[in-house]
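Hi,

Here is the model I promised to pass on. My notes follow below it.

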Amino acid sequence: MRLFCIFLFALTAEIATANSNSISNIYLENFAIANKDSVALDNAYMKVLRDGAACTLANTPNFGTRIIVALDKIKFKSNRGTIKIKRGEIAVFLENEFYDLPKGSYFEIALKKNHPSLTKPSEWVEPTKNIVIYEDAEFRVFEERLNPGDTRALHSHAQRVVVRLNQVQLTDPRNSPNGKPGTGIQVANTVKFAEPMVHVTKNLSEIPLFNIVIEYKIEH
């Protein structure tokens with residue numbers, strides 16, 4: 001009888017451990033845990049993670065819309081079903097939507113709620129040669145493209161984050177027509193938060209400029 005009780009206790013403990021491990025695995029699969037090394041940018045307006053996520057769950061405190069920008073082919077499940085996107089494509093999730101932690105190479109841009117007031121450039125001139133791929137009342141996402149040697153005329157930007165997909169050298173030809181060595185380099189697979197500005201852009205490289213830009217909308 002004593003041996004039977006010892007066996008029963010050991011079996012119960014093993015099952016409890018297995019269940020605990022299963023619960024932990026389920027938790028890790030469905031709740032994003034971001035390694036601090038994956039944080040590419042974090043300011044008062046947004047948090048950007050590389051190959052990680054700040055909030056895959058719906059209605060996460062202090063976060064609103066999240067944008068996934070693929071750096072490679074990725075596939076993941078969401079409340080809208082399975083999402084499949086490739087390099088340079090995006091998936092936008094509103095505050096009340098959720099998704100599994102993607103596997104692969106991507107950026108997650110999580111917009112913060114209650115951020116400071118947006119600032120404006122000195123004037124507003126709509127950029128040309130860009131393609132808007134998403135837009136709502138808060139922000140827009142566009143493909144920023146410019147062929148080798150091409151120039152984008154004077155234009156304006158609001159506060160934004162830029163996901164750089166191609167490594168190119170840019171210049172403002174009003175100030176430096178041929179650029180300066182080592183300046184204006186956009187490194188591929190990086191992000192940068194940029195303040196409002198008005199400028200002219202020329203692509204000095206032999207390959208096209210290709211960026212994904214998430215830009216706040218302002219009155220102008």
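**Notes on Ala70 and the sheet**

Ala70 touches Ile85, Lys86, Arg87, Gly88, Glu89, Ser105 and Tyr106, leaving aside residues up to four places away in sequence; contact here means heavy atoms within 4.5 Å. Ala70 sits in strand E3 (residues 63–70), and it is buried, at a relative accessible area of 0% (buried is under 20%, exposed over 50%, partly exposed in between, with a 1.4 Å probe and protein chains only). Its C-alpha atom is 8.8 Å from that of Glu108, 38 residues apart along the chain.

Before you read on: this is a predicted model, where local features need pLDDT of at least 70 and side-chain atom pairs count only at pLDDT 80 or more, while totals for chains, interfaces and linings use all residues. Residues are numbered from 1 along each chain as its sequence is written, and side-chain values use heavy atoms, with hydrogens and water left out.

The chain has one helix and 16 strands (DSSP runs numbered from the N terminus: helices are H or I, at least four residues, strands E, at least two). Of its 220 residues, 40% count as buried. Among contacts between residues at least 6 apart in sequence, 74% join residues at least 24 apart.

There is also an open sheet of five strands, in the order E8-E9-E16-E11-E14, with antiparallel pairing (strands pair if DSSP finds at least two bridges between them). Its edge strands, E8 (130–135) and E14 (190–194), each pair on one side only. Five bridges link E11 (residues 160–164) to E14, and Arg164 has Thr190 of E14 as its bridge partner.

Cheers
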